[in-house]
Amino acid sequence: MTTQELTAREQAALRLSERMGKPANLWLDAWRRLIRNRASVLGGALALLLIMASILAPQVAPYHYAEGDSNEAYTVPNWLIGLLPGNIKAYAKTGDKFLFGSDYLGRDVLSRLIYGTRVSLPVGFMGAFTALAIGLVYGCISGYYGGRVDNIMMRIVDIMYAFPTMLLIILMMAFFKSTFADVSPGTVAYTFNKVNDFVDKLLGLRGGGMLFIFMGIGITAWMGMARLTRGQILSLKEKEFVEAAHMIGAGDMRIIIRHIVPNIMGPCIVAQTLAIPGYINTEVFLSFIGLGVDPPTPSWGTMISEGAQAIRSYPHMVLFPAIALSLTMFAFNFLGDGLRDALDPKMKGTS
Amino acid sequence: MLRYIVRRLLWLIPVLFFISVITFALAHAVPGGPFDREKALPAEIIANLEKHYGLDQPVWKQYVDYIGGILTRFDFGPVYSSRSRTVNDIFRDHLPVSAQLGILALLIAIGIGVPLGVLAALKQNTFWDYLGMGVAIFGIAVPNIVLGPLLILLFALTLGWLPVAGWGTPAKMIMPAFALGTGSSAIIARLTRASMLQVIREDYIRTARAKGLSERTVMVRHALKNAFIPVATILGPLFAALVTGTFVVEQIFAIPGMGKYFITSITNRDYPVVMGAILMYALFLVLSNLMVDITYAFLDPRIRYT
């Protein structure tokens, strides 16, 4: 025990001496704590793999996501047929052309899964980014200025909070879908459509309607963030270093941006990393009920929905997107937990 | 206490008002009437239909009529896609099924989550703890949209123990209820464990032990009651998750519930049904949130209701 303690102390001393003269770096320390956590390294590796797959989709995917030969529809891969219920063998087409089989239009399931990361991941990251951006600004203003401003701004958040979020998203998506479907040039809706086309082109998914999903999630995701930011600021703005900054004549903007925001970034990023699986799930849910991305863009939600309809006869169609979604959830949950422990060691073990 | 409840009930009025206005506005801002068909109807027929359903009135009048109908006659209006049925008929036929499913799932969520969380906390760092936390991670990473198909694959298609889909017999209810409840049970288990671990280190637990109470009494009467408080706070969001979960689970298991009908009517652009369902769900969620808050206040006497 003594030796262990000594080595631990020696290590600490070593780390300290390495750092001599250099300022303590929050991010470097956090990184060290993060890579010591095995589950989060695994999650991070998986997340990185998914990101790579989505960036390199055209290179990695064996076929095109929207083109298939209906003669090859419902092909079950040879290696899987033995694992499926016995009676399927009697009627199913088997083949080795598609690693994960093909769907009802003969499109390659694997390629659709790979391109599907171009829907899921941007939704997760954009959701987190929008929530962070809106929530941070809103919470900063509300918390820092306090008084009547705070009161009114927080009442608005309260009302928004009482809204059933999912129902609001469903309504908005139904609205976006039909309002922006087919419009004449010169209107607001037309501009939205152009931006949407641009976003789709950026992601390499023609006619996916991704912007509307970003908007739907963004509009409903920021309230929690605003509350968190406000709470953090309320406790920070009474601290001595803020007082000191006031003393030397720093303006409000400078105090917020240079002194307060860096101190609350940790918990905010952690909260949003942990929220990413939720955003991905929301998109999957929306696509599942037919309000998400437009076909033929491959969303995992659409794939699960199509697969669930054919589950009795061709279970392979639902199996792979379901597994992919679960793995993504695992990855981001582990990564989020690890980031929380790394950036905010005080929070470790809670919830 | 009474003042607190009254205040919370009054707070419902603006919330429900905003929900109804936004729902109504969004539903009516959608271009294209409900009578757009593949084959265009003659203008006179559309005009007559619109007159019949009061769609020729100004929007504010339509809103007042709609809300007035709900408040005075509990009438949620007609169904555009079917002449013989009203939204009320749909509620009567399909809502009970969803309610059954939701209640079963909630029972499963609490029935698995709480014991698992308590066991994990009492036997920390043992097999039970790892089992509990394993289930918790599984429940969080495997959403019902994934769990539903996997359950069908395993228990219905491969093992043949349970029917694939449908509703009505107990055997048909098992899989959907589990698919819906497991995710919530994971959240409950995690939270119960965390709060139980915190509570059993408190001084009053030591006091209870010191005055000679049996371990059982200490745990049930003193620890569990207090450990429940944080768990009660998440029941609100949990209800919301269950509601959205029913949309998915009913679709996967072909259950004739409100959620399945709701999705069909979105696809068919049958807006009175969509609106009625959203208002109904919103009312349910807001009321359940209120109930959770009141329970919370009851459980924790330290909370002041001002």
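Here are some friendly notes on this predicted two-chain model, point by point.

1. Confidence comes first. The model as a whole scores ipTM 0.80 and pTM 0.82. For chain B, the average pLDDT is 81, and 94% of its residues score at least 70.

2. Now to the make-up of chain A. Its secondary structure amounts to 15 helices and 2 strands. Of the 351 residues in chain A, 42% are buried. If you take the contacts in chain A between residues at least 6 apart in sequence, 71% of them link residues at least 24 apart.

3. Chain B is built from 11 helices and 0 strands, so you will read α-α-α-α-α-α-α-α-α-α-α along its sequence. Its C-alpha atoms fill a box of roughly 85 × 55 × 30 Å along the principal axes. Buried residues account for 36% of the 306 residues of chain B. Among contacts in chain B with a separation of 6 or more, 72% are between residues 24 or more positions apart.

4. Where do the two chains meet? On one side are 36 residues of chain A, in contact with 39 residues of chain B. Several helices of chain A each supply at least two residues to the side that touches chain B: helix 8 (147-162), helix 9 (165-179), helix 13 (252-288), helix 14 (300-309) and helix 15 (316-343). Sorted by class, that side of chain A has 26 nonpolar, 9 polar and 1 charged residues.

5. Is B:Leu279 buried or exposed? B:Leu279 counts as buried because 21 other C-beta atoms lie within 10 Å, and the cut-off for that label is 20 or more. Setting aside neighbours within four places in sequence, B:Leu279 is in contact with B:Ile19, B:Ser20 and B:Thr23. B:Gly54 is 225 residues away from B:Leu279 along the chain, and their C-alpha atoms are separated by 20 Å.

6. For contrast, have a look at helix 8 of chain B, which spans residues 203-210. How many of its 8 residues are buried? The count is 0, and this helix is hardly covered. Just after helix 8 of chain B comes B:Gly212, whose phi is positive, at about 90 degrees.

Methods: Residues numbered from 1 in each chain as written. Chains lettered and ligands numbered in written order. Predicted model: local features only at pLDDT ≥ 70, side-chain atom pairs only at ≥ 80, totals over all residues. Contact = placed C-beta atoms within 7 Å. Helix = DSSP H or I, 4+ residues; strand = E, 2+ residues; numbered from the N terminus. Nonpolar A, V, L, I, M, F, W, Y, C, P; charged D, E, K, R; others polar. pLDDT = per-residue confidence, 0-100. Buried ≥ 20, exposed ≤ 12 C-beta atoms within 10 Å, placed from the backbone.
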